[in-house]
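Good morning, colleagues. I would like to take you through charged contacts and aromatic pairs in one structure. Please look at the display before I continue.

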Amino acid sequence: MAGPVRTPQAASSRIFSGIQPSGGLTLGNYLGALKRFVEKQDEGIETIYCLVDMHAITVWQDPAKLRHATREAAAGFIAAGIDPARSILFNQSQVSAHAELGWIFNCVARMGWMSRMTQFKDKAGKNSENVSLGLFAYPALMAADILAYKATHVPVGEDQKQHLELCRDIAIKFNNDYAVDFFPVVEPVIEGAATRVMSLRDGTKKMSKSDPSDQSRINLTDDADEIARKIRKARTDADPLPETLDGLKDRPEARNLVNIYAALAGHTPEQVVSDFAGAQFGTFKPALADLAVARLSPITAEMVRLMRDPGEIDRILGEGADRADAIARPILRDVYEITGMIRSPGRR
Ligand code: AMP
Ligand code: TRP
């Protein structure tokens, strides 16, 4: 039997989420994740947000670029409205509980579960013999990120749903194997009009910071002209916008632009098609470009300002890491006790 479990159950709601600093933030990250992170913080829920640098190195990262991308992503979070006094904001590698619990979860998760992860299959492609072991184990580390805090809710884009199901499976198996009621079974929070923002060049592909074509995405660092140009050039069909959403069924590029408009405006996609019913893209695209610039340019400008003081960003990340560690450390101590690993007196 396991020893006594001292950690009090997490507060009724605790939010955790992460973004990889493996490049710049995109409009997909903003609408699918970051904008929602800010909303959760503003609802007064306890929020913990992490730049997952250890996830990033599952594929090769140039060290100088990783450092820059981590600071820039932190600046993006703050510019978008994350308040480091109300949310905990830090980079993953500064809190060792992630790696420690990640190892334990490597021993809980099953090879068969991991082999079914579609993101691994997509990223490894035909090259699966040559990708890092970390890329395969990645979802176990992601489960550790979340469960090191006994987080209950995880806001993400649609593409992370399968990883969160795996996180639930890991929590359930751990609780069963050790006969404890220890880890919560987390709830994915996949909400809003743009849970899956698609590429501007191909409406069937996710907008991604790793797409070789910069035209396929809007970066949070793009200036107003770039944003407008990319939207103007976005691939569409020749038809006008329909009266109802049904009319967008087989028009993925048009549907994507409508979703983006809706998410930026805080409207539903239904409202957007009814406002623009019958409009040509020659009308809709400039309206979308104006809206995107109005929403994103202040964030970009603030990011640039914050990036002038990288020392201050590092200080904020360190303070966040201290607060994160204070939550995770006692939980990890309990995990070591449950799993039968000795902690000598006086040691952490
Ligand atoms: P990543 O950039 O893969 O670390 O993703 C960080 C967060 O952004 C996750 O919650 C993703 O689900 C979300 N995200 C990334 N790309 C998109 C996209 N194209 N549409 C919606 N959400 C996205
Ligand atoms: N896997 C996520 C992505 O690529 C990033 C991530 C890592 C994450 N750890 C997390 C998201 C924990 C939510 C919770 O998008």
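Let me begin with a definition: a salt bridge is a side-chain nitrogen of Lys or Arg within 4 Å of a carboxyl oxygen of Asp or Glu. The model is predicted, so that local features need pLDDT of at least 70 and side-chain atom pairs count only at pLDDT 80 or more, while totals for chains, interfaces and linings use all residues. Side-chain values use heavy atoms, with hydrogens and water left out, and residues are numbered from 1 along each chain as its sequence is written.

In the whole structure, 22 salt bridges are found. One of them joins the side chains of Asp83 and Arg86, at 3.1 Å from N to O. For exposure, buried means under 20% relative accessible area, exposed over 50%, and partly exposed in between, with a 1.4 Å probe and protein chains only. Asp83, at 26%, is partly exposed, and Arg86, at 47%, is partly exposed as well.

Next, helix H1. Helices are DSSP runs of H or I with at least four residues, strands are runs of E with at least two, and both are numbered from the N terminus. Within helix H1 (residues 27–42), Arg36 and Glu39 lie 3 residues apart, about one turn of the helix. Their side chains form a salt bridge of 3.6 Å, N to O. Which of the two is buried? Arg36 is, with a relative accessible area of 4%, whereas Glu39 is partly exposed at 34%. Both belong to a network of salt bridges that also links Lys35, Lys40, Glu43 and Glu191.

In helix H8 (residues 161–177), Lys173 and Asp177 are 4 residues apart, again about one turn. The closest N and O atoms of their salt bridge are 3.0 Å apart.

I turn to the aromatic rings. Rings of Phe, Tyr and Trp (its six-membered ring) pair if their centres lie within 6.5 Å; planes under 30 degrees apart count as stacked, over 60 as edge-to-face, and the rest as tilted. By this rule there are 15 aromatic pairs. Phe37 and Tyr49 are stacked, with 4.4 Å between centres and 10° between planes. Phe37 lies in helix H1 and Tyr49 in strand E2 (residues 46–51), so this pair ties together parts 12 residues apart in sequence. Phe37 is buried at 0%, and Tyr49 is likewise buried at 0%.

Finally, ring pairs link Phe105, Phe174, Tyr178, Phe182 and Phe183 into a cluster.

Definitions and conventions. Chains are lettered from A and ligands numbered from 1 in the order in which they are written.
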